[in-house]
Structures are given as C-alpha cells and as structure tokens.
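Okay, thanks for coming, everyone.

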Amino acid sequence: MGLLRSSMCKQAQLESSTFKDWALRMHEDPHHLHRKIWEYEFVAQALFERDMLRSGRRGLGFAVGRESLPALFASLGCDVLATDLDYEKAARGKWVETAQYAGSLEALNAKGVCDDKEFRDRVAFRFVDMRALPDDLGVFDFLWSSCSLEHLGTLALGEKFIQESLKYLRPGGIAVHTTEYNL
C-alpha cells in the first residue's frame, strides 16, 4: 500500500493486513467491515506513514466521542489532547443517548487499548465545540477528526472548522479528517 491520500472507504483497505493490524491494536474485530472502523484505521495509518505516531509527538483530536484513537496514540508514545462537546450540547445532539459521547477521560480507554497509567500520563480531555474553537489549546504535531465534520450542519461550517483548526498545527504538522461522502 502506497502513501495514503484522500479517498473513499474501500473494502480492499479494510481487508488489507495493514488495516487489520490497526483494528487489532484498537481491540476491534479485524473482520468487521464497517466504515467507522475504516475511518479510525485510515487516520492511524495516515499519521503513521508521516512519522507522527511516536514518542515526543503531540496530537489533538476533535469530537472524539468513544473512539479508541486517543488511547492508541498514547500507547505509541504520543501526548494527546482529546476533545468533545460538553454534556449539555452533546445531549441536545443525541450523542449521549446513542452511547457515542465520551464526556470524560476514562471513557476514552474503555477497551483497554493503552496501559492505564500510561494513558493517564499521556492523554488529557477537554470540552471543545468545533463551531467555536478556543485560542488556548496549544500547538500540536498532528490533528484529527473522525466522522464529525458532517455534524457541524453545513459544508461551509465543516470547511470553516478545518481552516480554523490549522491554528493549532505546528509548521510541517499533519491534519487528517474523515467525513461521510457527500453527493
């Protein structure tokens, strides 16, 4: 597999040994062919190929919900700031009732992807609304979001978020965002 570029979800990638390895690292079933799992694997592989997943790297995740990426990245030596909506906004958006909302640091390692102590040492959690990005998050080697752009409401709001989020990226850093295909 060559260097990942922008693409749609592909069964061949899900069935590849590279993507199956990421599934196993995230404690997912490597035979479960699901778009959401592909998104996590795609983000991880794109960052790995660009030398972002190693000790000393800092990552910022947006709208992480209950995804395993913060724990995975911590297990690989990265320091991570994981963000999600505050409880009230998440409840209004139905994220709480569908069990997709994290709400706390502990929920981000529920599958035991990372050693608990290492996880607590490397991962921080903060409430952030992607529609109103604060100025005090810091600077990071990489940024990511998985299946959250489309929930901002419009294509223009998704584009605005991507542009504004770049203020957190150090020069030479990498941003990886996945979203549902929009016709």
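Phe62, Phe161 and Tyr168 form one aromatic cluster. Rings of Phe, Tyr and Trp (for Trp, the six-membered ring) pair here if their centres lie within 6.5 Å; planes under 30 degrees apart are stacked, over 60 edge-to-face, and the rest tilted. Before I go on: this is a predicted model, so local features need pLDDT of at least 70 and side-chain atom pairs pLDDT 80 or more, while totals for chains, interfaces and linings use all residues. Numbering runs from 1 along each chain as its sequence is written, and side-chain values use heavy atoms, leaving out hydrogens and water.

Searching the whole structure gives 8 aromatic pairs. Take Phe62 and Phe161: ring centres 4.9 Å apart, planes at 85 degrees, so that pair is edge-to-face. Helices (H or I, at least four residues) and strands (E, at least two) are DSSP runs, numbered from the N terminus. The cut-offs are under 20% for buried, over 50% for exposed, and partly exposed in between, with a 1.4 Å probe and protein chains only.

Next pair: Phe73 and Trp144, centres 4.9 Å apart and planes at 90 degrees, so edge-to-face. Phe73 sits in helix H4 (residues 69-75) and Trp144 in strand E4 (residues 140-146), 71 residues apart. Both are buried.

Now the core. The largest nonpolar core has 36 residues, and Phe73 and Trp144 are among those with the most contacts inside it, as are Leu47 and Leu108. Such a core is a set of buried Ala, Val, Leu, Ile, Met, Phe, Trp, Tyr and Cys residues joined through side-chain atoms within 4.5 Å. H3 gives the largest share, 7 residues.

Finally, charges over rings, meaning NZ of Lys or CZ of Arg within 6 Å of the ring centre and within 35 degrees of the ring normal. The charged end of Arg25 is over the Trp22 ring, 4.8 Å from its centre.
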